[in-house]
Amino acid sequence: MKSFDIYKYKVVEKINILSIEEREKILEKAGYNLFNISSKNVTIDLLTDSGTNAISDLQLSMMMLFDESYAGSSSFERFLESAQNFCNKKYIIPVHQGRAAEKIIADIFCKEGNYVLSNTHFDTGFAIYRYKGAIPINIPTPEIDDDSFCFKGNIDLSRLEYLLTNECNRISHVVMTITNNALGGQPVDIENLKQAYLLVKRYDKPFIIDGCRIAENAMLYKKAKNVNLNIREIIHSYTSYCDIFYMSTKKDGIAHMGGFLATDEEKWVSKIRQLAIIFEGFPSYGGLSGKDMEIIARGLNEVLSEDYLNDRINQVSFLGSLLHKEGIPVIKPFGGHAIFVDAQKFIEHITPDDLVGQSLVVELYRLGGIRAVEVGNLMYGKDAIKNLVRLAIPRRVYTYSHLEYVCEIFKEIKNNKKNLTGFEVVSSDPLVPHFTAVLRPKKVGG
Ligand SMILES: Cc1ncc(COP(=O)(O)O)c(C=O)c1O
């Protein structure tokens, strides 16, 4: 059964539905940047799946066991055991969220002018490496335009080998983002990961996994390959091919905050730990409260349930299929956490330079109060590979009828899309332009 909601309500929040005129005023005031809009003025919030999860009754009850001791808290002990079981690594160092882990990695490995290679960096890592004076380089698999290929999250092994051979001294480390958020939430194949890892080890470079959606990746892998392993076993096969694993637990930790770094190697743990103490807090809390650690400890178990993961993946593909049936160009096959609309293909008369993705993001809000995010020229500037709009589905928050509503709004946009105009940036902070940009609509013919 595809469209059956496997959760029932215990607590509810009323959704505000404003008029188009009210939303037009809000957009103008927000500089056409959806990050500047209050959530109470949003009808369906698909801005991110990060930290927006609904917690379960069991997570809430575990939270009540919180122990806020500075050192050696029992909440940390439960967190530690759960994180170790999740990723099968011995040392676990908590951090307040994923980007804190990225900052620690960058501080340990990067020098000015270094290349950091990845299947695709996500925006925070990308910005942090640039801030350090390093050069993040994306080398996604050449199959990224092949809709029949299940593992579009893969890294391009021949480019990886080429860069390792020719630029070895400049490369600091390699990061595999699992799933590949920026290019469609697409899974990475274990075979590709293994080949990449072995290649990188031949050149003696650190190999790191950003695994904030690794459980979704494991489920997509299981479905594609029909393997007879449980999700935990699949995750462990993935994490066996890395020196350091890190994740933001705001995603597959089904939590609101948090993250951790994990490794089996003592040589890395002491480097990580000392930076974590300086920037995050003592290693038994790392910027997290005992309550956060309890929610994560339980979330890292709940995420392994195949009922949960099937529901998650079904919701994503339900929305993707509805949009596809209406002729909206979406990235296929559907990934694990979001549907990515190819804005450039959908709205052909607006160019990437005129921020075609942002134009669609603004229209989704204006017409339907839907908040989404541009993943294209506004987010990545000249490094953008495609101009997409990401509809990220928060975990366990929305029902199938909410997703049908999203499709209805897309249908209306499709019928009037020729009236849409491009956007230009009035001001922005250079490292994180999409979070901070103030924009204005481009004048027609201007
Ligand atoms: C792949 C990936 N890595 C890292 C991060 C950063 O995590 P956080 O938002 O917890 O700092 C994100 C956030 O969306 C992400 O999607």
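Strands β9 (338-342) and β12 (residues 388-392) pair in the antiparallel sense over five bridges. Two strands count as paired if DSSP finds at least two bridges between them. Helices (H or I, at least four residues) and strands (E, at least two) are DSSP runs, numbered from the N terminus. In β12, the bridge partner of Ile339 is Leu391. Strand β11 (residues 373-375) also joins β12, by three bridges, and these two run antiparallel. Here Val373 has Arg390 of β12 as its bridge partner.

The model is predicted: local features need pLDDT of at least 70, side-chain atom pairs count only at pLDDT 80 or more, and totals for chains, interfaces and linings use all residues. Residues are numbered from 1 along each chain as its sequence is written.

Strand β12 is mostly covered, with five of its five residues buried. A residue is buried if 20 or more other C-beta atoms lie within 10 Å of its own, exposed if 12 or fewer, and partly exposed in between; C-beta atoms are placed from the backbone. In a regular strand the side chains alternate between the two faces of the sheet. In β12, Leu388, Arg390 and Ala392 point one way. Val389 and Leu391 point the other way, and all are buried.

Strand β5 (residues 171-177) is mostly covered as well: seven of its seven residues are buried. Strand β3 (residues 115-118) pairs with β5 in the parallel sense over four bridges. Leu117 stands opposite Val174 in β5. Four bridges join β5 to strand β6 (residues 207-210), and these strands run parallel. Thr177 has Asp210 of β6 as its bridge partner. From β5 the chain crosses through helix α7 (residues 190-202) to β6, a right-handed β-α-β crossover. Right-handed means that, with the strands pointing away from the viewer, the path from the first strand over the helix to the second runs clockwise.

The protein is divided into domain 1 (20-49 + 306-441) and domain 2 (57-302). These bounds come from an automatic or database domain assignment. The domain centres, taken over C-alpha atoms, are separated by 26 Å. In domain 1, 20 residues are in contact with 25 residues of domain 2. Contact requires C-beta atoms, placed from the backbone, within 7 Å. On the side of domain 1 that touches domain 2, α12 (306-325) and β9 each supply at least two residues. Helix α12 gives the most, with five residues. This side divides into 12 nonpolar, three polar and five charged residues. Ala, Val, Leu, Ile, Met, Phe, Trp, Tyr, Cys and Pro count as nonpolar, Asp, Glu, Lys and Arg as charged, and the others, Gly among them, as polar.

The shell around the ligand divides into two nonpolar, eight polar and three charged residues. Of the 13 residues around the ligand, Gln97, Gly98, Arg99, Phe122 and Ser248 come nearest. A residue is near a molecule if its C-beta atom, placed from the backbone, lies within 6 Å of it.

Most residues other than glycine have a negative phi, and most peptide bonds are trans. A cis peptide bond joins Ile178 and Thr179, with omega about -5°. Thr179 lies in the loop between β5 and α7. The bond from Lys332 to Pro333 is cis, with omega near -10°. Pro333 is placed in the loop between α12 and β9. Tyr32 has a positive phi, near 55°. Tyr32 counts as buried because it has 25 C-beta neighbours inside 10 Å. Ile254 has a positive phi of about 45°.

Terms used. Two residues are in contact if their C-beta atoms, placed from the backbone, lie within 7 Å.
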